[in-house]
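This briefing covers selected strands, helices and contacts of one structure. The points are grouped by topic.

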There are 2 protein chains.
Amino acid sequence: VSRSSISSCRVAPDRGRARVRSGSRYDPAVDAALLCIGTELTRGEIANTNATWLAERLTDANVTVRAIDVVADEAPHIVAALHRLSRDHDLLVSTGGLGPTTDDITTSCVAAALGVPLERHGPSLEALHARLVRAGRALTASNEKQADFPAGATVLANPNGTAPGFSIRIGRASLFVLPGVPREMKPMFDAHALPFVRAARRRGVAQVRLKTFGLPESTVNDHLAGIEVEHDVVIGYRARYPEIEVKVLAHRPTQAAAEQAARRAADRARDRLGDVVYGEGTVTLPEAVGDLLVQRGLTLGTAESCTGGLVGALLTEGAGASAFFRGSVVAYADEVKRSVLGVEEAALTQHGAVSAVVARQMAEGARRALGVDIAASLTGIAGPGGGTPDKPVGFVHYAVATETGTRDARLEIPGDRGMVRRRAAFAVLALVREILIAPPAPGGEPRP
Amino acid sequence: VSRSSISSCRVAPDRGRARVRSGSRYDPAVDAALLCIGTELTRGEIANTNATWLAERLTDANVTVRAIDVVADEAPHIVAALHRLSRDHDLLVSTGGLGPTTDDITTSCVAAALGVPLERHGPSLEALHARLVRAGRALTASNEKQADFPAGATVLANPNGTAPGFSIRIGRASLFVLPGVPREMKPMFDAHALPFVRAARRRGVAQVRLKTFGLPESTVNDHLAGIEVEHDVVIGYRARYPEIEVKVLAHRPTQAAAEQAARRAADRARDRLGDVVYGEGTVTLPEAVGDLLVQRGLTLGTAESCTGGLVGALLTEGAGASAFFRGSVVAYADEVKRSVLGVEEAALTQHGAVSAVVARQMAEGARRALGVDIAASLTGIAGPGGGTPDKPVGFVHYAVATETGTRDARLEIPGDRGMVRRRAAFAVLALVREILIAPPAPGGEPRP
């Protein structure tokens with residue numbers, strides 16, 4: 001619980017666990033473990049993103065993941081882990097070790113753990129052969145073993161690679177054996193393991209994810225006090241710096257009732273949180289801002305200093321940004337602020353580059369230079385050096401210029417250089433969003 | 001072994017493992033396991049970056065990590081894992097569960113596993129009290145338990161947080177119990193566990209890391225054929241897309257001999273790889289380019305299209321970029337290419353925005369607009385849409401303009417939008433580096 005390194009949105013540490021406990025009254029039907037196989041993992045050569053993805057996916061499906069074991073490509077350890085985990089859990093998902101080489105030994109270890117022989121699967125061999133022919137390669141003996149499975153296994157097709165998976169009963173567990181390549185593993189898990197989980201589940205379960213930016217997790221939690229009890233739902237949080245995702249999970253006797261309950265509780269949460277919620281599901285803040293701009297037919301540009309181009313990079317991470325994003329002026333040096341953005345020399349000398357005046361002039365200059373409807377700017381001290389008593393590290397001024405005027409704001413962001421830059425980028429996007437969704441000023445023109 | 005999802009630098013899959021085997025002839029003195037404790041991990045709420053960091057750190061120190069176990073905050077599972085792992089390993093490192101709340105139970109689980117009582121440690125209680133007073137907070141009963149340790153433990157100070165760690169002998173293992181917050185855990189591991197590992201080691205061990213960009217891992221490996229045998233070293237690879245790190249590891253009876261052997265083999269590897277090696281240790285390509293620019297007193301700017309600002313963001317990730325980086329023009333829209341960078345209308349209509357001509361004009365325009373010595377540009381099709389038979393997704397033109405002229409190049413990058421953008425950004429930085437380190441043209445002026 002003390003794992004979060006995000007000092008700016010420190011979580012009151014017992015809340016997450018309280019929710020885990022309250023969730024347990026629903027008696028989840030399935031208790032799971034993950035077994036991740038690969039020396040590249042035990043040597044720290046790659047991050048175990050599969051474990052995090054599977055753990056979240058199973059948790060969202062109301063499965064309690066009790067253990068995640070990572071073992072090297074060594075048969076005795078793999079077999080021992082299979083025995084132990086299949087004894088203690090209903091569902092066991094393994095990843096890795098299905099490749100064609102001699103150190104890919106998961107399949108033979110499962111056969112050994114079960115005491116059954118390997119059998120060659122004709123349709124898989126044919127599919128493998130066809131796949132290699134299409135790629136202009138020959139079928140080797142190494143490849144052929146990818147069509148071998150423990151006797152009694154159900155073969156699981158892999159549309160994205162050469163290694164099929166399989167499922168089989170072992171001990172108390174239903175075991176799903178999947179490849180380690182994430183883009184092969186994920187669709188196979190969704191196609192084969194998730195339906196099993198859903199079938200094993202005794203009740204309906206539904207979840208709504210609210211995406212928020214702007215409040216620390218503890219404050220979001222305070223705002224939502226009482227909703228869990230009132231609506232009989234479980235509320236969970238996931239911090240993806242600097243965003244906070246709120247997960248509203250409902251269990252009911254039927255799926256329809258669960259969906260209705262989750263929706264109703266999520267709506268209540270949205271009422272409480274207001275504009276802090278920028279979307280639902282998997283949308284990101286840059287995407288939400290892009291969607292609003294496209295809806296209104298407006299274009300956006302940015303003027304960046306301390307972020308060095310990060311806001312533009314975030315806005316263009318998803319495809320389709322050309323529908324609203326025109327470009328940026330990254331004015332890291334003051335000369336560029338003057339020459340390209342037209343920031344006044346006097347503003348820089350009298351107020352300093354990190355000031356509301358300069359942020360405003362940057363936004364207004366970018367609006368002109370890029371020919372956009374809305375320009376967002378920021379200038380700040382990302383650190384670790386460059387701070388002063390007046391303007392410490394993390395101090396950021398930002399502004400948004402539109403046809404009807406310019407708004408500015410400032411923040412003091414705790415954390416390291418990467419955290420300051422990332423939160424600053426999100427903050428200026430949140431200000432763009434705020435302006436886009438603001439109601440018309442009384443008696444005035446509608447906002448752009 | 002089949003875990004890598006990087007199709008553009010596919011590894012011949014048995015090489016990594018061959019090296020693991022050849023390394024084993026050195027009979028490492030220490031066999032280790034990691035135990036990561038926290039329901040936030042088994043629920044997939046955060047990635048287990050601690051495990052990857054510790055596994056790599058231990059591997060680099062010639063320790064074989066055989067198992068990584070992740071368990072929820074549940075006493076029976078924690079105690080069972082402690083028993084099992086301490087029976088099978090020489091070194092056991094646990095992370096997490098040392099916080100002040102009721103679900104932080106690692107310390108009491110260790111005491112239970114050992115069958116010893118908890119004892120309050122006076123100096124830790126005083127230090128905790130002083131720390132909380134400085135933060136303007138009171139010492140609560142919850143905090144006080146952070147000064148309790150199993151009888152017989154050695155307390156390990158935590159300079160960056162309230163939770164001290166401890167070490168203690170359990171079963172066959174030396175157990176190091178560390179907090180879960182990475183910025184607290186890492187320095188404690190280096191200060192306390194690493195010296196133990198070094199003392200337990202029977203031989204000298206030294207490693208040189210070469211950072212490379214531009215060749216796929218399999219080609220790098222081919223270039224280095226024979227060095228392992230000739231120099232009696234172990235060569236390992238780590239891919240951090242789009243870079244490849246080459247780790248040259250030497251074991252010798254003494255530390256000095258190991259360092260000399262690693263250095264000599266690394267120099268041989270550098271001879272073979274040439275300019276593909278841009279640095280050693282932890283330097284990144286953007287940092288290496290920055291260092292060269294600072295050495296030569298030159299300034300850099302960028303003109304970006306498909307990367308949306310990513311090159312600037314990468315160049316300014318580290319502190320000190322203001323010594324060489326002036327700014328960028330992100331010209332996502334063609335109008336901005338024309339208006340701010342001065343790209344000719346005719347170039348856009350005749351050759352298209354993704355063309356060598358436009359890339360060159362963008363670089364030259366950025367050099368003028370930003371007033372820099374060197375300007376780097378790129379324009380491409382990041383996908384997933386927008387590809388044509390002539391210019392498919394992943395097609396990128398880039399250019400670098402200097403006082404003495406402009407060079408351009410192009411790439412066709414496989415992979416998804418994120419991979420195309422990231423590799424394109426690195427490719428243009430590699431071209432800047434190539435120009436900076438190129439020998440003077442025969443009879444001509446030196447390169448800038």
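Two strands count as paired if DSSP finds at least two bridges between them. The model discussed here is predicted.

- Strand β10(A) and strand β11 (residues 243-252) of chain A pair in the antiparallel sense, with 8 bridges.
- One bridge joins A:Arg240 to A:Glu243 in β11(A).
- Strand β10 (residues 233-240) of chain A is mostly covered, with 6 of its 8 residues buried.

**Sheet of 10 strands**
- The open sheet runs in the order β17(A)-β16(A)-β15(A)-β13(A)-β14(A)-β14(B)-β13(B)-β15(B)-β16(B)-β17(B), and its pairing is mixed.
- Its edge strands are β17 (405-412) of chain A and β17 (405-412) of chain B, each of which pairs on one side only.
- On average, neighbouring strands of this sheet are turned by 15° against each other, direction ignored.
- Within chain B, strand β13 (residues 300-304) and strand β14 (residues 325-331) pair in the parallel sense over 5 bridges.
- In that chain, B:Thr302 stands opposite B:Ser328 in β14(B).
- Helix α17(A) packs on the sheet and touches β13 (300-304), β15 (374-380), β16 (395-402) and β17 of chain A; the helix direction makes about 30° with that of β16(A).
- Helix α17 (residues 417-437) of chain B also packs on the sheet, touching β13, β15 (374-380), β16 (395-402) and β17 of chain B, and its direction makes about 30° with that of β16(B).

**Helix pair in chain A**
- The axes of helix α12 (residues 285-296) and helix α17 (residues 417-437) of chain A come within 10 Å and cross at roughly 30°.
- Angles under 35 degrees count as roughly parallel, so α12(A) and α17(A) are roughly parallel to each other.
- The crossing of α12(A) and α17(A) is left-handed.
- Residues of α12(A) that meet α17(A) include A:Val289, A:Leu292 and A:Leu293, and those on the α17(A) side include A:Phe426, A:Leu429 and A:Leu436.

**Nonpolar core**
- The largest nonpolar core has 52 residues, of which A:Leu34, A:Leu58, A:Phe189, B:Leu34, B:Leu58 and B:Phe189 touch the most other members.
- Leaving aside neighbours within four places in sequence, A:Leu34 has contacts that include A:Leu54, A:Leu58, A:Ile68, A:Asp69 and A:Leu92.

**A:Arg131**
- A:Arg131 is part of helix α6 (residues 122-134) of chain A.
- A:Arg131 counts as partly exposed because its relative accessibility is 26%.
- Not counting residues up to four places away in sequence, A:Arg131 touches A:Pro159, A:Asn160, A:Gly161 and A:Thr162.
- A:Thr162 is 31 residues from A:Arg131 in sequence, and their C-alpha atoms are 7.4 Å apart.

Methods. Residues are numbered from 1 along each chain as its sequence is written. Chains are lettered from A and ligands numbered from 1 in the order in which they are written. This is a predicted model: local features need pLDDT of at least 70, side-chain atom pairs count only at pLDDT 80 or more; totals for chains, interfaces and linings use all residues. Side-chain values use heavy atoms; hydrogens and water are left out. Buried means under 20% relative accessible area, exposed over 50%, partly exposed in between (1.4 Å probe, protein chains only). Helices (H or I, at least four residues) and strands (E, at least two) are DSSP runs, numbered from the N terminus. Contact means heavy atoms within 4.5 Å. A nonpolar core is a set of buried Ala, Val, Leu, Ile, Met, Phe, Trp, Tyr and Cys residues joined through side-chain atoms within 4.5 Å. Axes are lines fitted to C-alpha atoms, for helices over the stretch in contact, and angles run from 0 to 180 degrees between N-to-C directions. Angles under 35 degrees count as roughly parallel, over 145 as roughly antiparallel, 65 to 115 as roughly perpendicular and the rest as oblique. A crossing is left-handed if the near helix is turned anticlockwise from the far one by less than a right angle, and right-handed if clockwise.
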